[in-house]
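These are my notebook entries on a structure that I examined step by step. I recorded each item that I looked up, together with what I found.

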Amino acid sequence: MKCDICDKPAVVHEVTIAHGVKKEVHLCIDHAREAGVAMPGQQPGNKLLSKISGSGKPTVMAPRCPECGTSFAQVRQHSLIGCPACYDTFEEPLGRLIERAQAGATHHIGRGVANEDSQSKRQREERQLMQALATALSREQYERAAEIRDRISQLSQATPEETTEGDKA
Amino acid sequence: MTDHDASMGSDRPGHEGHEDAPGSDVVLSSRVRIARNLDGIPFVNRASSEQCEYVVRTARHLLLHVPLNERMIWVDLEQSSSHERQLLVERHLISRQHAENTIHRGVAVAENERASVMVNEEDHVRIQVLRPGLQLRAATEACMTLDDSIGNHMDYAYRERWGYLSACPTNVGTGIRMSAMLHLPALRLTNDIGRVRQAAKDLHLAVRGFYGEGSESTGNFYQISNQITLGRSEDDILEEFESTIIPGLVQYEQAARQVLLDKHRRSLEDRVFRAFGTLGTARMLKLDEAMKLLSRLRLGVCLDMLKDAAESITLDTVNTLMLLVQPGHLRQHVGGQISPEDARGARADIVREILIGE
């Protein structure tokens, strides 16, 4: 079985059942360490020894969101993100989790906030047009595809300031 | 624009049961909801009590004082009774989850009950608009207008890559969820519901019951909604739902109804008239039984089977009854708490009263 986060073989398997819902977590050695799971080889076999040596806790602490204190293991376990800053803190692993939940999608296409900066707006519009172009081509709507292609080239030639008209896409 | 005790005035919410609404023989209602969160504040699952209280206070003030396209009534769920919350759930104005966790939670309900804004459900703000029949475009436009008005006064959590941030990875991006409540009795009878479920799965759609997430199908009603919110624009999702998915399912159900009429008319009529007979004479009705029989009656009305026997029974009559037989509405009708046995009696009484005027 592969790791939930990468393609390496999973060595840590956790099954939890809460409110009748079964959740499984499978992690490779690196991501298990990242999530704060203690590896068998890391701990002294004797609990007393571990108390004396103070090495009972995993040596690698899982990173936590500086804003809300949520670890990525908690996000995975509950399928709930802690706060807006978690999206920045866990961008890479969260990106993979979102990609799986969203049928492979990796970037937003659609409306933006009213106060969005011009560069962000331009990138979003470009993605939206590229998607519309692909749809038009797949439906063999070539006139529409040509219009969209022209709009894309206009957008890429325009300076960011020129693309700020209107608040919403 | 005041606080309200959640006592619902009319017999029927503004979004259900209009038989002249487009596609109303199969589509009971259309719903669009948008999930939004405030930037800089933990999502509801991690927020402190003070932070949740702050979100409720901010949202309540905004929803009652900022000009919106709907006049809103505020319901503080913490102060409301379980009966009031049950009424809101039955009218699809709040989710069942929102009715259960009530601390620092509220909802703004449009006076015409065609929109509501849940505060501190899974996300800080969930804006939803409902319309009778197949009116996804109208619902989407109204929902976006509300979103714009609220967003002008709220600092929404948003990132260039992810779009609108949400507590659950399944809502990030547009945060939009479109759904249609479909009545599919013929597909159930022809054993084709499995195919609907499989097709929905292949298209990344969710098939849920009468009260959304976690609810079972009752009365052959199925809520179909999009599961993908990232990498597809609102217009794209709407276009697919409005032009392909829902019309396709409506045609599939209508074709199944035609097959039943052509090949099994007598047996179908028997089913419909037995349901009519039981509903018109029963002295006690359990909720499941009432919904099952009303579903059959609804199919009969759609196929004009009852025109001669009971001309006065319309789609509106059946849709209204489907709401009035629900436990909260029944209790409201009776005017107080009743035992399960008395509830079954009261349910049968109200059905007979409306169906045959007894």
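**Entry 1: A helix of chain A**

I began at the N-terminal end of helix H6(A), which Asp117(A) caps: one of its side-chain oxygens lies 3.1 Å from the backbone nitrogen of Gln119(A). I note here that the model is a predicted one.

I then looked up the extent of H6(A). The helix covers residues 118–138, which is 21 residues. From first C-alpha to last, H6(A) reaches 30 Å, close to the 30 Å expected at 1.5 Å a residue.

Next I asked which residues of H6(A) are buried.

**Entry 2: Chain A as a whole**

I counted the elements of chain A and found seven helices and two strands. Read from the N terminus on, their order is β-β-α-α-α-α-α-α-α. Chain A has 169 residues, of which 36% count as buried. Its accessible surface comes to about 10,100 Å², and carbon and sulfur atoms account for 52% of that area.

I turned to backbone angles. Most residues other than glycine have a negative phi. Against that background I recorded two residues of chain B.

His92(B) is not a glycine, yet its phi is positive, at about 60 degrees. I located His92(B) in the loop between helix H2 (82–90) and helix H3 (96–100) of chain B. Is His92(B) buried or exposed? Its relative accessibility is 13%, so His92(B) counts as buried.

Glu113(B), also a residue other than glycine, has a positive phi near 60 degrees. Glu113(B) sits in the loop between strand E3 (106–110) and strand E4 (115–119) of chain B. With a relative accessible area of 7%, Glu113(B) is buried.

**Entry 3: Cysteines**

How many disulfides does the structure hold over all chains? I found zero. I checked Cys52(B), whose sulfur has its closest cysteine sulfur in Cys68(A), 13 Å away, and this is too far for a bond. A disulfide would require the two sulfur atoms to be within 2.5 Å. Cys52(B) counts as buried because its relative accessibility is 7%. Cys302(B), at 21%, counts as partly exposed.

Key
Residues are numbered from 1 along each chain as its sequence is written. Chains are lettered from A and ligands numbered from 1 in the order in which they are written. This is a predicted model: local features need pLDDT of at least 70, side-chain atom pairs count only at pLDDT 80 or more; totals for chains, interfaces and linings use all residues. Side-chain values use heavy atoms; hydrogens and water are left out. Buried means under 20% relative accessible area, exposed over 50%, partly exposed in between (1.4 Å probe, protein chains only). Helices (H or I, at least four residues) and strands (E, at least two) are DSSP runs, numbered from the N terminus. The expected span of a helix is 1.5 Å times one less than its number of residues. A polar contact is a pair of N or O atoms within 3.5 Å; within protein, one must be able to donate a hydrogen and the other to accept it, and residues adjacent in sequence count only if both atoms are side-chain atoms. Accessible areas come from the Shrake-Rupley method with a 1.4 Å probe; for residues, only the protein chains shown count as cover.
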